[in-house]
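Please keep the picture at hand as you read.

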Amino acid sequence: MTIIELSSRPNLLEKGIQYFWNQWGNDKNFEFYKNCIDHSLDEEKALPKFYLALEKERIIGSYALIVNDLVSRQDLMPWLACLYVEEDCRGRGVAETLLKHGLKETRKKGFSHLYLSTDLEGFYEKKGWLHVADTFNLFGEKFKVY
């Protein structure tokens, strides 16, 4: 498995945009994902950045490092977002590898902390993440911050 920053592989840009949208989007927000990723391509800017896990050029997973996860904790950054692993690749340590890669990239970019927000129970704790706060989304729903 290879993990690449999408901006380093322009030939995968359209496929990458489609992948992120397919996993996290809906029928009304393709342009949101396209615009986010299009504006992440500047190599001189540390964030946002989008990553793909590849196995022989097949995309098997993803994550992003972003400045805001559209939650109330605007004082925290960067955020890990869009973590996804293809169902047939789960149970092989791909998520753990992507999470470790995200932490390494965060440090390389000069940040000492990486945050994520989720309503999942137990998944990130098993991966060693600590619940540090709570946050709320635009609809008032409560999420844990790790």
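Does Leu-70 count as buried or exposed? Leu-70 counts as exposed, at 52% relative accessibility (buried means under 20% relative accessible area, exposed over 50%, partly exposed in between, with a 1.4 Å probe and protein chains only).

## Before we start

This is a predicted model, in which local features need pLDDT of at least 70 and side-chain atom pairs count only at pLDDT 80 or more, while totals for chains, interfaces and linings use all residues. Residues are numbered from 1 along each chain as its sequence is written, and side-chain values use heavy atoms, with hydrogens and water left out.

## The sheet

Let us begin with the strands. Helices (H or I, at least four residues) and strands (E, at least two) are DSSP runs, numbered from the N terminus. Two strands pair if DSSP finds at least two bridges between them. Here, 4 strands form an open sheet in the order β1-β2-β3-β4, with antiparallel pairing. β1 (2-5) and β4 (79-85) are at the edges with a single partner strand each, so one side of each has no neighbour in the sheet. From one strand to the next, the twist averages 20°.

Between β3 (residues 58-66) and β4, the antiparallel pairing runs over 5 bridges. Ala-64 has Ala-81, in β4, as its bridge partner.

## Helices against the sheet

Helix α1 (residues 13-24) packs on the sheet and touches β2 (49-55), β3 and β4; contact means heavy atoms within 4.5 Å. The direction of α1 makes about 80° with that of β3. For such angles, axes are lines fitted to C-alpha atoms, for helices over the stretch in contact, and the angles run from 0 to 180 degrees between N-to-C directions. Helix α3 (residues 94-108) also packs on the sheet, touching β1, β2, β3 and β4, and its direction makes about 35° with that of β3.

## Two pockets

A pocket, found on a 1 Å grid over the protein atoms alone, is an open set of points where a 1.4 Å probe fits, with protein on both sides within 12 Å along at least five of seven lines; lining residues have an atom within 4 Å of a point. The largest pocket holds about 1200 Å³ of space, where a volume is the space filled by probe spheres set on the points, which are joined across faces, edges and corners. It is lined by 42 residues, and Trp-24, Asp-69, Ala-81, Cys-82 and Ser-117 are the closest to its centre. Strand β4 gives the most to this lining, with 6 residues. By class, the lining of the largest pocket has 26 nonpolar, 9 polar and 7 charged residues (Ala, Val, Leu, Ile, Met, Phe, Trp, Tyr, Cys and Pro count as nonpolar, Asp, Glu, Lys and Arg as charged, and the others, Gly among them, as polar).

The second largest pocket has about 230 Å³ of space. Among its 13 lining residues, Leu-103, His-113, Leu-114, Trp-129 and Tyr-146 are the closest to its centre.

## Backbone details in the loops

Most residues other than glycine have a negative phi, and most peptide bonds are trans. Leu-70, in the loop between β3 and β4, has a positive phi near 55°. Glu-57, in the loop between β2 and β3, has a positive phi near 70° and is partly exposed, with a relative accessible area of 42%.

Now for the peptide bonds. Leu-47 and Pro-48 are joined by a cis peptide bond, with omega about -5°, and Pro-48 sits in the loop between α2 and β2. Another cis peptide bond joins Met-77 and Pro-78, with omega about -5°; Pro-78 is in the loop between β3 and β4.
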